[in-house]
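This report goes through one protein chain, from its overall dimensions down to single residues. The sequence and the model come first.

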Amino acid sequence: MQEKIGNVTLDYTYYPGEDLYSDGPVEEELLEIAKHYREEELNDVIAQRKSWPVLYHFSHVRKNILEWLPITKEDKVLEIGSGCGAVTGALAEKAGSLTCIELSKMRSTINAYRNRNYDNIKIMVGNFQDIEKKLEEKFDYITLIGVFEYSEGYIGTKEPYVEMLRRISRHLKPGGKIIIAIENRLGLKYWAGCTEDHTGTYFEGLEGYPKTEGVKTFSKKELSDIISQAGELSTTFYYPYPDYKFPMTIYSDAYLPKKGELSHAFANYDRERVYLFDEPRVYDSLIESSLFPEFSNSFLVVAQWEGR
């Protein structure tokens, strides 16, 4: 079964018949916004509503994480976990074709209304594992923006994060790239007094997630090791600042921040935090000691498949 919203096609072949997760009534508000406001009006809506979910899902800053990637109209892109379309429009603008996979019908509907003017988007609604088995296309780019940390929930194997990348790699063209955006569990904001992004508790990631199942983020070394175990993937790390959700600058190993550049005291937008030290001063100390990559709040990883 398929549905068209504007120019966007929604495919319900693998939809289980009900949404298995939801943020509740706020999603109705997000749908109302997507239906009745144009993209250029969303900043005004954000200012008026003063709501974290509205900011999070509709801020144009979200797109900064991948707008700079050299995706062209010759490229096919797969977006896994497309949600309400925070970055879908940016991908559709650049790519020749964009296939999205999203478990929630409501979120897929919000995405479709938001991006209904694009004629190159297909949203496949359903569980990743069910869809992936039947996916025959090969892609130039596959994106996991805020998704990879949930692999344990997608993949029920002993090494879910390694297996997730192995399965995804099957759908890459030679030279294709997997794009991962994820928090660093050792990010400086967590030492400074921000709660862990997924659990809302202090120091949970720093302590190795002793109370958490189903979601994990990783240090730079841990993430590098997982990607290495997954197969023939060469890895390049980038460092979004202040994080990948609202990135204002994206650093690389070729251009790391200089002393005095990181002046933003990071805030938890949706919850309270404590302030244990002066973050810009500590960043300066880390920069002088060549440790910024280890304590970057988030990573953007480009993993290129070297297989055939």
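What percentage of the 308 residues of the chain count as buried? The share is 54%, where buried means under 20% relative accessible area, exposed means over 50%, and partly exposed lies in between (1.4 Å probe, protein chains only).

## Basis of the values

This is a predicted model, in which local features need pLDDT of at least 70 and side-chain atom pairs count only at pLDDT 80 or more, while totals for chains, interfaces and linings use all residues. Residues are numbered from 1 along each chain as its sequence is written, and side-chain values use heavy atoms, with hydrogens and water left out.

## Overall dimensions

The chain contains 12 helices and 10 strands; these are DSSP runs numbered from the N terminus, with helices being H or I of at least four residues and strands being E of at least two. The radius of gyration is 19 Å, close to the 19 Å that the globule rule gives for 308 residues, so the chain is as compact as a globular protein of that length. That radius is taken over C-alpha atoms, and the rule is 2.2 Å times the number of residues to the power 0.38. Along the principal axes, the C-alpha atoms fill a box of roughly 55 × 50 × 40 Å.

Among contacts (heavy atoms within 4.5 Å) with a separation of 6 or more, 68% are accounted for by residues 24 or more positions apart. The chain exposes about 13900 Å², and carbon and sulfur atoms supply 49% of that area. The accessible areas come from the Shrake-Rupley method with a 1.4 Å probe; for residues, only the protein chains shown count as cover.

## Helices α1 and α2

Helix α1 (residues 26–36) packs with helix α2 (residues 42–49) at an angle of about 145°, their axes being 11 Å apart. Axes are lines fitted to C-alpha atoms, for helices over the stretch in contact, and angles run from 0 to 180 degrees between N-to-C directions.

On the α1 side the contact involves E29, E32 and I33; on the α2 side, L42, V45 and R49. By class, this contact has 3 nonpolar, no polar and 3 charged residues. Here Ala, Val, Leu, Ile, Met, Phe, Trp, Tyr, Cys and Pro count as nonpolar, Asp, Glu, Lys and Arg as charged, and the others, Gly among them, as polar.

## Buried elements

Helix α8 (residues 160–169) has 9 of its 10 residues buried, so it is largely enclosed by the rest of the structure. The buried residues of α8 include P160, Y161, E163, R167 and S169.

L103 sits in the loop between β4 (97–102) and α5 (105–114). With 18% relative accessibility, L103 counts as buried. Leaving aside residues up to four places away in sequence, L103 touches Y15, D19, L20, Y21, V125, G126 and N127. The C-alpha atoms of L103 and D19 are 7.1 Å apart, although 84 residues separate the two along the chain.

## Backbone details in loops

The peptide bond from Y241 to P242 is cis, with omega near 5°. P242 belongs to the loop between β8 (233–241) and β9 (249–252).

K50, which is not a glycine, has a positive phi of about 50°. K50 is placed in the loop between α2 and α3 (52–58) and counts as exposed at 73% relative accessibility. S290, also a residue other than glycine, has a positive phi near 60°. S290 lies in the loop between α11 (279–288) and α12 (292–295) and is exposed, with a relative accessible area of 63%.
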